[in-house]
Amino acid sequence: MRFLVTIVVCLTLPLAAAGRKSLSMSFIDTEGGQATLLVGPSGESLLIDAGFPGNGGRDAGRIVAAAQKAGLKKIDYLLVTHYHLDHVGGVPEFAARFPVGTVIDHGDNTETTKQGQALEEAYRKVIASGVKRLSVKPGDVLGLKDMRVEVVTARGERIRKPVQGGGQRNPLCAPAAGKDPDPSENARSIGVVITFGRFRFVDLGDLTWNKELEIACPDHMIGPVDLYLTTHHGLDLSNAPQMVHGLKPRVAIMNNGARKGGSPAAWKVVSASPGLEDLWQLHYSLAGGQDANVAPDRIANLEEKCQGFGLEVEAQRDGAFTVKNLRNGNSRNYKR
Ligand SMILES: [Zn+2]
């Protein structure tokens, strides 16, 4: 009987009380949006974006499930990279179902389209309901208990000095060709470098090509990372080789949907990155076909009509980490 009681208590204890030492990251499937949940050893949580609204509360429900699985009662920080449907759109539905402490954003939405205004209005209602708001700019460092979050881009601006570990001259820059200017919210995405001990993770939201070049050239302001969340769902409007190859990620995760992101050209840039050990994908990319998809055991969802499987990462302070596919349990450890 005592044995049974012990098991029940352990299952209901939050992560911190369970003696966790690692940073747990959930890459939640939002069918081509973004929702990334980070939980530190103390139980402190940071959610980056909340996927799409609608679809019967699909994305909010998946995030709630991931938060509950991590033993959370509240999201301490919810960072909104930018005001697009697939990132901020799910925030109101999520916040209605799960407590949020502070939202972090880049300031006001500058898109005046009907959809842009509706997103802004719904987001403002969340703040008005009593959630704290923190607007950040490049160079800001959020000293969370468990992780260091450095803002490298926001509101179309960028850091002028490299972050710790960055600043290398980038040999790929000489012929770097830009693309047409992007006046959208994508170019205003918050980009963050998150450090946990020696482990470094970068998430640049949907930052587009020219803005990537601004922080990758002539010196790479970020430098090598362990884990790279492919920018903009792996679309080729983003993922300039000057940025990606200068990050030299050991592992990349692509947050694509079946028909969103996962562009063959971007897939090839990421796959060819020097030192890359593995790319993992949230979905099989229909555009990628035979040539631009990884092996099925590193893809969380193989069917277009999927069950919303995610990928999980456990990172240690010494920089070692494990990636796990929640569809089939396939996992790989990346030693220091
Ligand atoms: Zn997006």
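This is a predicted model: local features need pLDDT of at least 70, side-chain atom pairs count only at pLDDT 80 or more; totals for chains, interfaces and linings use all residues.
The 40 positive and 36 negative charges of the chain have mean positions 6 Å apart. Here Lys and Arg count as positive, and Asp and Glu as negative, while His and the chain ends are not counted. Each charge is placed at NZ of Lys, CZ of Arg, CG of Asp or CD of Glu.

Residues are numbered from 1 along each chain as its sequence is written, and side-chain values use heavy atoms, with hydrogens and water left out.

I turn now to burial. Of the 336 residues in the chain, 57% are buried, where buried means under 20% relative accessible area, exposed over 50%, and partly exposed in between, with a 1.4 Å probe and protein chains only.

Next, the disulfide. How many disulfides does a search of the whole structure find? The search finds one, a disulfide being a pair of cysteine sulfur atoms within 2.5 Å. It is formed by cysteine 173 and cysteine 217, with their sulfur atoms 1.9 Å apart. Cysteine 173 lies in the loop between β10 (168–169) and β11 (191–196), and cysteine 217 in the loop between α5 (209–216) and β13 (219–220), so the pair ties together parts 44 residues apart in sequence. Helices (H or I, at least four residues) and strands (E, at least two) are DSSP runs, numbered from the N terminus.

Are these cysteines buried or exposed? Cysteine 173 is buried, at 12% relative accessible area, and cysteine 217 counts as buried at 17%.
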